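Here is a friendly briefing on the structure shown below. Take a moment to look it over, and then follow the notes topic by topic.

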Amino acid sequence: MLWTIFPALVVVIAVSFQSCDGKTAEEWKGRIIYQVPGVELLTDRFAPSGEVPSQKCVGLSNYCGGTFKGIEKHLDYITGLGANAIWISPIVLNTDNGYHGYWAQNIFEINPHFGTKEDLKSLVAACHDRDVWVMVDIVANHMGYPPNTDPLPDVSMSFNSFVPFNDSKYFHPVHPYIKWPEECKDQWKIEIYWLANLPDLNQSHPFVHQTLLKWIQDLTTEFEFDGYRLDTTIQVPKLFWAEFRKAGGVFMMGEANNGPPPCGSMEYVGQYQEYIDSVLAYPMYWTMRWIFQEKSKDFTSLSKAVNNSYDIYKDRSVFGGFVDNHDNPRFLSMNPSQTALKNELALVIMGDWIPIVYYGTEQGFNGGNDPNNRESLWPFISAENPLYKFIETLIKFRKALGKEWLREKQVERHVESDVYAFSRGKILIIITTQNTTVKIKITNSPYEPGNTLKNVLNPTEKFKVSLDGSLPVTLNLGQPLVLEMEEEQNDI
């Protein structure tokens with residue numbers, strides 16, 4: 001690394017942090033993020049360095065063999081999908097079985113299971129050559145499991161294996177973990193109690209505080225990362241994140257997940273945007289999950305959530321919108337309908353936020369809870385899957401609309417319990433929860449009488465605005481519609 005920490009040092013020397021000239025929130029609005037396995041892409045689950053195995057990994061609770069070189073080798077697969085950013089899981093040396101990266105042992109060393117420092121730099125350089133930005137997952141809340149922590153940690157445990165936080169004084173005292181949802185509003189518990197018995201760093205300790213700030217500054221300088229995803233954001237004091245953001249000098253998106261509302265309400269999640277650039281749109285994730293996967297709510301809930309998001313959030317356009325991720329059951333594990341998945345993907349990819357596609361969604365992966373939702377992408381690295389083609393079409397269309405379109409907010413055009421329509425500029429998106437053919441008439445479209453519209457997802461489908469201004473449309477077998485004016489067709 002560019003600097004050295006002496007763990008036994010008692011006196012902490014103050015460091016002046018300069019904000020780096022990195023990628024901004026405004027610039028990130030034009031990105032579509034592909035979340036890779038193992039290096040949250042999960043690096044460990046994307047691809048190995050050598051030949052792609054013919055069999056999938058079956059030991060999902062340990063390392064499967066994915067590497068930085070494996071990601072670099074298959075960048076065509078990612079860019080072919082249309083993604084122009086990747087989010088990789090934590091890169092540091094982990095304690096035993098930390099294939100996912102969230103159990104740090106030494107924050108100054110690169111995890112050798114993924115490759116070397118040079119391999120990581122090569123990956124970043126290869127991405128930048130293709131105008132693909134690299135977002136790295138960062139853990140500043142806790143370290144990994146020290147020896148002899150089963151079933152619960154105690155005051156006699158050893159911290160000697162951690163670098164540089166090798167003493168109990170660098171951590172909050174041992175606490176039982178917070179109980180959700182009973183204690184979800186006890187913010188002091190959320191920030192001090194240990195997450196799943198993982199040693200909880202005390203960011204108010206001067207050594208911990210300064211070390212983490214210098215660490216993130218050096219990571220940006222040395223590896224030229226374009227952004228960071230902040231793990232366990234709500235478990236760390238907000239004022240620390242403000243300093244961390246300044247030290248890192250690039251766009252930061254936090255995982256402000258306090259469970260479903262009312263615990264993880266928009267008001268609760270939105271407050272973190274006062275300290276960092278962005279957060280994952282977890283409140284909207286829960287709304288979409290209830291509608292599309294659990295079928296416990298309908299589109300009137302989505303209507304309310306979208307409208308409230310513009311009132312509550314400082315800037316929802318830089319939030320991270322997603323269908324799947326490594327912490328929640330995959331969509332198809334709860335609802336096996338690929339038609340339903342396509343409808344939610346249309347909402348996520350065309351919505352007013354930064355779309356995030358979790359690796360494997362494009363291959364129809366259907367794993368349930370962790371670790372089953374962390375499958376190996378091999379041997380399924382193929383651009384021929386219909387879901388891959390569907391996502392590719394949507395992403396390339398979104399990108400072709402340009403920067404001006406990104407400034408367009410979502411305008412609600414039609415709401416029924418099972419059909420929802422919104423526009424962004426002159427693009428109209430219509431989705432449904434039905435698997436059968438649906439016919440509706442939209443009386444509040446952004447078009448003029450006589451305009452002819454074409455479905456981007458199936459150009460043979462065309463619709464014409466009636467003389468009275470209404471727009472009759474048909475969602476064939478429940479397939480979503482993404483409509484543009486025929487005379488203003490974009491070359492995608």
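This is a predicted model: local features need pLDDT of at least 70, side-chain atom pairs count only at pLDDT 80 or more; totals for chains, interfaces and linings use all residues.

Residues are numbered from 1 along each chain as its sequence is written, and side-chain values use heavy atoms, leaving out hydrogens and water.

- Most residues other than glycine have a negative phi, and most peptide bonds are trans.
- Glu 224 is not a glycine, yet it has a positive phi of about 60 degrees; you can find Glu 224 in the loop between α7 (206-223) and β6 (227-230).
- Thr 232, also not a glycine, has a positive phi of about 45 degrees and sits in the loop between β6 and α8 (238-248).
- Thr 232 is buried, at 5% relative accessible area.
- Pro 261 and Pro 262 are joined by a cis peptide bond, with omega about 10 degrees, and Pro 262 belongs to the loop between β7 (251-254) and α9 (266-270).
- Another cis peptide bond, with omega about 10 degrees, links Asp 370 to Pro 371; Pro 371 is in the loop between β10 and α14.

**The overall fold**

- The protein chain has 15 helices and 18 strands, where helices (H or I, at least four residues) and strands (E, at least two) are DSSP runs numbered from the N terminus.
- The radius of gyration is 23 Å, close to the 23 Å that the globule rule gives for 492 residues, so the chain is as compact as a globular protein of that length. The radius is taken over C-alpha atoms, and the rule is 2.2 Å times the number of residues to the power 0.38.
- Along its principal axes, the C-alpha trace spans about 80 × 50 × 45 Å.
- Of the 492 residues, 61% count as buried.
- Among contacts (heavy atoms within 4.5 Å) between residues at least 6 apart in sequence, 72% join residues at least 24 apart.

**Salt bridges**

- How many salt bridges are there by the rule used here? The count comes to 25, a salt bridge being a side-chain nitrogen of Lys or Arg within 4 Å of a carboxyl oxygen of Asp or Glu.
- Lys 29 pairs with Glu 26, their closest N and O atoms being 3.1 Å apart; Lys 29 counts as buried at 15% relative accessibility, while Glu 26 counts as partly exposed at 48%.
- Arg 31 forms a salt bridge with Asp 131, with the closest N and O atoms 3.3 Å apart. Arg 31 lies in the loop between α1 (25-28) and β1 (33-35) and Asp 131 in the loop between α5 (117-129) and β5 (133-138), so the pair ties together parts that are 100 residues apart in sequence.
- Arg 31 is buried at 8% relative accessible area, whereas Asp 131 is partly exposed at 44%.
- Glu 375 and Arg 330 meet in a salt bridge of 2.9 Å, N to O, and both residues are buried.
- Salt bridges that share partners join Asp 137, Arg 229, Asp 231, Glu 255, Asp 327, Asp 370 and Arg 374 into one network.

Terms used:
Buried means under 20% relative accessible area, exposed over 50%, partly exposed in between (1.4 Å probe, protein chains only).
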